[in-house]
Amino acid sequence: MSAGSAPVQFDPVAPFGGDTVPMGIEVVGVPAAAGILTAYNARGITHSAEARKPVVIIPGFTGSKEDFRTLVPLLAERRWPVVVYSQRGQADSAAPLGVHNYRLDDFVADAVIVATRVGGGRPVHLVGHSFGGIVAQHAALAEPALFRSVTLLCSGPYGWPGRHADTMRIVADRGSIGLWERDHPGRLALSDAELGAESAFLRARARATSRDNLLAGAQILRDQVDVTDQLRRTGIPLHVAHGEFDDKWPINDQHGMAERLGASYSVIAGGAHSPQLEAADATTAALDGFWARLPRPHPSSNDH
């Protein structure tokens, strides 16, 4: 698109689970191969030469766009236009039936489509949280020209045997709600009002999330192959960030991956595995600082 073209337009959709949408953010549907993926869209995205590159965020395992409801307004305040979408099978995004519809290649294809639509032909900054970081790595390998930078947030280089074995057993036996029931054994009979808004939302999301998404995602997390060297060779500016108390992905693995990538590296004070929720201000500062430090691309560098 040329400078001064109209903002990206997506059709509005209803908020999920009674969610209160942050001020200045709209809930939209992004067409993708799986169907409509729901997203938070920070209004006013433009593609003018003076505008900051748009940001696309991919949530993690068992997550959704709502995990970024605090972060997106903070980034928008710093003039970063942001789209964060729920992946196929998450919450109210399209959820095709069958585990075979949740291969890593399927998640990657969705990421590429979203980035293409949001960028309007120009590169975007990509952020992948945890499982979303796996998707982000492979999207960058598939279409490196689409991305101005890639940030891996609380996401490591490889899986390990037995990872999420309990998750797969519970979901296979009890469906997607089984994980919430496992973690809240004393609260199963409580009403939404008794649970409170946040817990009621998490229960509703657990019910709505696709069983096939969880079974396939757990297997992808277990089987992830190290593509660090290939990712480094793309030449895309890279950033590895995690909460200082992250207990879901070994911190030593994340730090080692950053060194092998030659990536920027941020430890987010006060954050654990979801620093966008636990330490939103510090996460905003880490992302904003990384993007702001990137040199302006040379006109002949394919806008990387």
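Guide: In this predicted model, a residue counts as buried when its relative accessible area is under 20%.

Visitor: Which residue of α2 with the name Phe is buried?
Guide: Helix α2 covers residues 104–119. Its buried residues include Leu104, Asp106, Val108 and Ala111.

Visitor: How many residues does α2 give to the largest nonpolar core?
Guide: The largest nonpolar core has 51 residues, and Tyr85, Leu126 and Phe131 are among those that touch the most other members. The largest share of this core comes from α2, and that share is eight residues.

Visitor: Which residue with the name His does Val150 touch?
Guide: Residues up to four places away in sequence are not counted here. Among the residues that Val150 touches are Leu126, Ala136 and Ile236.

Visitor: Which residue just after α2 takes a positive phi?
Guide: Helix α2 has 16 residues and reaches 22 Å from its first C-alpha to its last. Just after α2, a positive phi of about 60° is taken by Gly120.

Visitor: What radius of gyration does the protein chain have, and why does it agree with a compact globule?
Guide: The protein chain has 304 residues, and a compact globule with 304 residues would have a radius of gyration near 19 Å. The value for the chain agrees with this because it is 18 Å.

Visitor: What percentage of the residues of the protein chain count as buried?
Guide: The protein chain has 12 helices and nine strands. Of its 304 residues, the part that counts as buried is 56%.

Definitions and conventions: Residues are numbered from 1 along each chain as its sequence is written. This is a predicted model: local features need pLDDT of at least 70, side-chain atom pairs count only at pLDDT 80 or more; totals for chains, interfaces and linings use all residues. Side-chain values use heavy atoms; hydrogens and water are left out. Helices (H or I, at least four residues) and strands (E, at least two) are DSSP runs, numbered from the N terminus. The expected span of a helix is 1.5 Å times one less than its number of residues. Buried means under 20% relative accessible area, exposed over 50%, partly exposed in between (1.4 Å probe, protein chains only). A nonpolar core is a set of buried Ala, Val, Leu, Ile, Met, Phe, Trp, Tyr and Cys residues joined through side-chain atoms within 4.5 Å. Contact means heavy atoms within 4.5 Å. The radius of gyration is taken over C-alpha atoms; the globule rule is 2.2 Å times the number of residues to the power 0.38.
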